[in-house]
Protein chains: 4
Amino acid sequence: MGNTFGRAFRVTTWGESHGDAVGAVIDGCPPRLTIDLAEIQRDLDRRRPGQSSLTTQRGEADQAQILSGVFDGLTLGTPIMIAVWNEDARGRDYEHLRHTYRPSHGDYTYQAKYGIRNWKGGGRASARETIGRVAAGAVARKLLETANGVEVLGYVKRVADLEGQVDPDTVALADVEATPVRCPDPAVAAVMIASIEQARKDGDSLGGVVEVVARNVPVGLGEPVFGKLEADLAAAMLSIPACKGFEIGSGLAGTRQTGSEHNDLFYNDAGRVRTRTNNSGGVQGGISNGENIVLRAAFKPTATIMRDQATVDDQGNEVVLQGRGRHDPCVLPRAVPIVEAMLALVLADHLLRQRGQVGDTG
Amino acid sequence: MGNTFGRAFRVTTWGESHGDAVGAVIDGCPPRLTIDLAEIQRDLDRRRPGQSSLTTQRGEADQAQILSGVFDGLTLGTPIMIAVWNEDARGRDYEHLRHTYRPSHGDYTYQAKYGIRNWKGGGRASARETIGRVAAGAVARKLLETANGVEVLGYVKRVADLEGQVDPDTVALADVEATPVRCPDPAVAAVMIASIEQARKDGDSLGGVVEVVARNVPVGLGEPVFGKLEADLAAAMLSIPACKGFEIGSGLAGTRQTGSEHNDLFYNDAGRVRTRTNNSGGVQGGISNGENIVLRAAFKPTATIMRDQATVDDQGNEVVLQGRGRHDPCVLPRAVPIVEAMLALVLADHLLRQRGQVGDTG
Amino acid sequence: MGNTFGRAFRVTTWGESHGDAVGAVIDGCPPRLTIDLAEIQRDLDRRRPGQSSLTTQRGEADQAQILSGVFDGLTLGTPIMIAVWNEDARGRDYEHLRHTYRPSHGDYTYQAKYGIRNWKGGGRASARETIGRVAAGAVARKLLETANGVEVLGYVKRVADLEGQVDPDTVALADVEATPVRCPDPAVAAVMIASIEQARKDGDSLGGVVEVVARNVPVGLGEPVFGKLEADLAAAMLSIPACKGFEIGSGLAGTRQTGSEHNDLFYNDAGRVRTRTNNSGGVQGGISNGENIVLRAAFKPTATIMRDQATVDDQGNEVVLQGRGRHDPCVLPRAVPIVEAMLALVLADHLLRQRGQVGDTG
Amino acid sequence: MGNTFGRAFRVTTWGESHGDAVGAVIDGCPPRLTIDLAEIQRDLDRRRPGQSSLTTQRGEADQAQILSGVFDGLTLGTPIMIAVWNEDARGRDYEHLRHTYRPSHGDYTYQAKYGIRNWKGGGRASARETIGRVAAGAVARKLLETANGVEVLGYVKRVADLEGQVDPDTVALADVEATPVRCPDPAVAAVMIASIEQARKDGDSLGGVVEVVARNVPVGLGEPVFGKLEADLAAAMLSIPACKGFEIGSGLAGTRQTGSEHNDLFYNDAGRVRTRTNNSGGVQGGISNGENIVLRAAFKPTATIMRDQATVDDQGNEVVLQGRGRHDPCVLPRAVPIVEAMLALVLADHLLRQRGQVGDTG
C-alpha cells in the first residue's frame, strides 16, 4: 500500500531494485496528449546511474518502454504503463546484506513491518524505484507544458555547506546541465564537485538541498485545508528517499522575519494581480497565486558509505558492516530530475482537479 | 475538495470562520473506544482564542458537541460528528474586507479560484477551521494512547530568533504549559513573551518553529514510497495555515553532515533493536523504527498586522488596507495543539493501515 | 469506514437513527451554485415518515439546516454541511431490542463486527441514515439541472406481483405524486395501495421494484473498467437498505434475447448519434451515450413485521421476538426519492470527473 | 481514470486489446503469501480464448509473468505487477472498424468522451482487459484461502431461457468444469451447448446468468452505508463487460415474497449464530453473516454478431457494418472465472479493511 500518488493524475510505481523491472502506471492522463518516448528518456537519462563520475557506477541503460495507453503517439485516456527492465541486477553479490541491517537504510523497518524483504540492494526502498516517478513525471511535464506552458526546473542549491547563488526566476536548463553537479552557480559548482570527489575518496557521503521552480503556473491550483498545494508538495518531496526537510518560499528563513517584512504586497501589473515579493513561494491559502512556485527539498547524506559501521543482524547480534561495492557519494545531482518529476506530478494532478471542481455551474 | 485527511482514520473538517458552526466528521475510528468529551475540550481550550494575552481576543467558548458515532460513552465504529458553534461571528464589521485582498492571506487566491468567497474573517482559510482538526486529533490521541500508549507532545521551539533548549525525549506537558508561550525553556520563554508583547504593541507579528515528539510509537508505521510516514507528516504540517516548512529528525542541519556523522548506528538494547542516535527522527525508509518521532513545523509571521499595507481590491484598484480589529501577534502558542493533533491524526491513520496490511496470512 | 460516496462530488453521511442528529457533508460541490433550502426540504418531505397512511408513523419533521458551505445563497466551493435533528428518537421503548437480533436486520452483523451497536431502532443501519443522502442528492440534482438540464425521476414500478405500465421517456413528476404509492399507473397504483394496506393489517410487508430515469444526460459520463457508470450506479442502489438487485436497460429480460434482437442500432438523428432502441439503458462501454438512463432497484419486503419470529439473543439463546411498535409495510414509496438521490449523486460525481479528465490538452 | 478497484487490496488493470500487453498491479497484498504462478495460470486458462469450440478462436496463450512484488515465491508487501503479452494482436485487419461504430459496443462512447480510441478490436473496452482482473483475482483467492479457507466458485446458471438446477452450497469445481459451458447441471448443459453452437451457426449470440458462491466467509466483512458488501459486489459485477444486472440472495424473486416468507430466522447451531434460510445471500445490513454468499450476474447477448447491422460512422453517415471475423456466440462460459475473480477481489479487499477497522482498542 502507499504506492500511488495523486488523485486526478494518478501514478502507481512498482518494482524492486533487483527484480525484473521497475516502472509506473499513470491513470487519469487526459487523451490526445502527444507522447514522445525520447522526452521520457531524456529525463530518465538525467536520473540514471553512471552518467558522471559523481554518481554510482551501476550499469543501467534505463530504457523506457510504453506498454499501454498510447496509440499512434497520442494518449488514449487509458492507463499508461511504462516499464524499465533491470539489467545490472543479477551479477552482484549481496549475500553479506542478507541478514544485516544497514544503518539509516530501511532494511530493519521493512523487515520489522513485513517480516520479509528483498535484501538484494534495497528492494522497494531503493532509489531505483524513482525511475517510475521520473517516467511519469515526464508525462506530467508534457501535460503541463502543452496545456499551460508550465515549465519546471530544478538544480542543486547546496551541497553540505556550499551554497550556490541562483535566481529561480531566470535560471535556465543549460545553466543547470553545464556541470555534472547540476548547480548553476559555476564557481560554487566547481567546489561542490571537488568536495564530492573527496567524499568518494574518503568513502563518505554528503547531503544538501535541491531547489526547484515552476513558472507560468496558473492561478487557482490547490484546494483548501488538506488539499493545499504546499501540503501535496511537501508530501511529494518527503516521499523521495533521503529527503528530510521541505521549505516553500521564504521557508525557515521567513520565520525569523516580522509580518511587516514578510507579507507579499499586491499590486496591479497591467491588469494582472501580482505580488511585489514572493515570500509565499507562489502559494497563498494553499492555492497558487500565479507567481513562480519555489521550493526546496533537503537531502541527508547518503546512508551507504564505504566504511565499517556497527550495526545488528536480523537475529539481534551486534555486528560490523563493512563498506563495499558501489556508492553514490552525493545523491543531489541525480535527485534533481526526481524533484522536478514530483513537482510536475503535483501540478498536473491539481491542474486536473481544478478543472473538475471549478467549472461553470450556470 | 481537499477537506478530508487520512485513509483509514479519515477526518473531514467543515465550516467557515463566520458561518454557523465548524467541526469534523471522523470515519474509521474503531469501535468501543472510550470517548470523554472533557478530553476533547481540553485540547480545544489550548487552541481557542483569548486564552492568554498573547493571543487574539475573539470571544469563543469553543464548546464541542458530539452528534453521532458515540453511544454510552463508547465509539460505535460509525462516523463521529463533532460540532462547535461560532458565537462571536456576527457582531463585527468586516465590510472593509468585502472587496480588498489582505496581503499574504488567501483572499485573492480563493476569489480567483472559486469566483466567490466568504469575506467575513477568512472563511474557510481561517485558522478557525483547525477546531475540527483539534477535536478529531483528540480522538486520535485517545486511540493511540489506548491501543499503544503513544504520547504526543508539542511545544514552541523558536520564536523569531529566540530558540529554546528542549530535550524531546524528556520534556513534559507541565513544562510546556508552564508559560502561555508554550516554550518549555523558562528563560527563553520569558524573552519570547516579551517579544510577542512588543510585536503586538508594534502592530506587527512574529513567526517561529513548533517541535513535536511522539513517544512509544510502534515499529512499522508507514508505507513504502508515497505512503511514507514522513510524507504524510509533512503534508499534515503544511496543511496548517501559515506553515511554510517541515523538518524531521536532523532536518536541515543534517544536510550539512557527512554520512559517517549522520548515520544512526543500530545496537541491541536488551533484545530490542535501537539506534544510538536519532538523526532519522524515528523514521527510516518511510517506516517508524520505534525511536521517538521528532519533527518541526515552521510558521511564517502572522499575515494580519495592525499596519497600513498596499494592496489591490477585487477590481484591480491599488488601495491601502488599514490595520484594524483583533490580531494574533504570534500564532505559535496556539499552533502547538494543532501540530499535536495533526501528528496524532497521521499516526492513528497509519496504525489502522498497518493493521489492515500486515496481518498474518498463514 | 465506508460512509463516503463519490470521488469528485463526495458525500459523507453521518448519524444514527436515535442519536442527536443525522446529516451529510458534501465536499466537491462547485462554487456559485444557487442553493434553495426549500428544494432540499421538498425531497426530504417525500422521504420522511408519516407522509401518508402507507408509511411508518414516526413523527419527524425532518427540517434541514445548512451549517456551512453556503454564503448568501450560493455555494462557496467548501464543504456543505447539512444536518437534521432527530426529534422522535427519545420517547420510545427499545429495551426489548437491547439483546435480541431482529431477523434480516443488521443487528447481528453489526454486533459481530463491532462488538457494540446502538440498539435503539437500527442505529446506523436504519433507513433514517438516508436523510443525509436525500439532502445531498438535492444539491446534486440542482447541479445537474443547472449545468446540463439533467432531470431525474423515479417511481414505483412494481409492488410484489403488481407491475405498473410506465414509459420512462415521458412520465412526469405529477404522475408519480398523484398517489401516495408513487406508481404513475393509476389503475395499478390503486391495487398496490390496497395490497399495502392489507399487508399492514396482516402485520406483514411487501417488496418490489423502483425504476428511475435520467433525461438529458450528456454523452461521455462514466469511465472505463471499474469506473463504469453502471458499476457506480449498481453500487449506489445496492447501498440503499433492503435493496437486493439492480438492472440497467434491458436487465434480466435482455439476457433472454439474442444479440441481433438486443443490439441498439445507431442512426443519425439530425446530426446527433442516437440509438433506435435503448436496451443499453443509456450506457455503453460504461459511458453514457446520451439516451435516457433507465435502471431498476429491487427491494426485498421490509424486515420489520408485526409478527412473532424465532431468533436468537446476543448470548445465543433462541428466543421469540414479538412484533410491536411502528412499521413500514412497504418501503417502496419512500424509497423513490432515495433512489433518485443516489442516481443524482452518481451523475453529479461523473459530471465533475468528466470535466477533470477530458479537458483539452492542446 | 477508473482503472483501480478496491481500497485495501487495490488492483489497477492496464492495457488495450491490441497494444503490447495487458496486466494488473496489485497494491496492498499482505507480505509472505505464497504465490504459485501455476495457480494464476490456471485461472487465466479458464478465461482465455480458444479453450473450446464455444468460444472465440483468437490465438492467445495468455502466459502470465510476475515482474515485481514476489521474492523467492513469497509476496513482499510491495506492488505485484503481472503482465501478459498480446500475441495475436497484430496480424488481423481492423481497417473496417476504424471509422465505424459497432452497435452496443463502446466505440461511440469512447470516441465521444476521449476524442480518440484504439479502434483495433475494442481497445480498453475489450474483454481482454479482464486478464488483469483474473490474474489479480487468483492472488486474492490465494489470500482468502490461506487466511480463512474461503472458497469461491462460479458457474453458468442460465443461457437464454435454459436454466440449470444447481445447489450453491454443494456444487464442486469438477461439476463446473465437466462441460465447456460450465453449467454443472449436465442435462441442461448439453442443451446449452447445442444452443450456443446453433447461435454460432446463425451468426448470432446469447446471453444469460452466472451464479457464484463464496463459502467459509468470515462474519463481519462489509461496512455500513456506502461500503456495504452488496454495494461493492454489485459494482464489481457491473464493471464486467456485458453485465447488465445483479442479484444477491433471493434477488428479484425475493421482491415478490412477503416479509414473513422472506425473513431469515436466526438459530443457534452448536454455538454459532446461523439463519434457517439464506434469502439474504450471506449479507445483512451490508455485512457478511457467515452464511454462503450467493449472487448472480446477468450478461446481455454478445454485441459482436456475424450479421449485417445498420449503424453510423464517425462522420455521422449511416452505414452498414458487415459481420466478419471471430466472435464469441456466448460469453458466459468464459465469464465464470471473471465473476469469480471479481468476487474474490471484493472479499480480499474487505478482509483487509476489516482487519484495519475493527482491531481491539483496549
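Which residues does B:Leu345 touch, not counting residues up to four places away in sequence? The structure is a predicted model, in which local features need pLDDT of at least 70, side-chain atom pairs count only at pLDDT 80 or more, and totals for chains, interfaces and linings use all residues. Residues are numbered from 1 along each chain as its sequence is written, and chains are lettered from A and ligands numbered from 1 in the order in which they are written.

B:Leu345 touches B:Phe5, B:Gly6, B:Phe9, B:Val11, B:Ala136, B:Gly137, B:Ala140 and B:Ala236; two residues are in contact if their C-beta atoms, placed from the backbone, lie within 7 Å. The largest nonpolar core has 416 residues, and A:Leu345, B:Leu345, C:Leu345 and D:Leu345 touch the most other members. Such a core is a set of buried Ala, Val, Leu, Ile, Met, Phe, Trp, Tyr and Cys residues joined through C-beta atoms within 7 Å. A residue is buried if 20 or more other C-beta atoms lie within 10 Å of its own, exposed if 12 or fewer, and partly exposed in between.

The contact between chains D and C takes 92 residues from each chain. The side of chain D that touches chain C has 37 nonpolar, 38 polar and 17 charged residues; Ala, Val, Leu, Ile, Met, Phe, Trp, Tyr, Cys and Pro count as nonpolar, Asp, Glu, Lys and Arg as charged, and the others, Gly among them, as polar.

An open sheet of 10 strands, with antiparallel pairing, has the order S9(C)-S8(C)-S10(C)-S16(C)-S11(C)-S11(D)-S16(D)-S10(D)-S8(D)-S9(D). Helices (H or I, at least four residues) and strands (E, at least two) are DSSP runs, numbered from the N terminus, and two strands pair if DSSP finds at least two bridges between them. Strand S11 (residues 243-248) of chain C runs antiparallel to strand S11 (residues 243-248) of chain D, the two being joined by 3 bridges. Here C:Glu247 stands opposite D:Gly245. Within chain C, strands S8 (residues 151-159) and S10 (residues 208-215) pair in the antiparallel sense over 8 bridges, and C:Tyr155 has C:Glu211 as its bridge partner.

Helix H2 (residues 107-114) of chain C is largely enclosed by the rest of the structure, because 7 of its 8 residues are buried. The buried residues are C:Asp107, C:Tyr108, C:Thr109, C:Tyr110, C:Ala112, C:Lys113 and C:Tyr114. Their cover includes strands S12 (266-269), S13 (272-275), S14 (283-284) and S15 (287-288) of chain D. Just after H2(C), C:Gly115 takes a positive phi of about 70 degrees.
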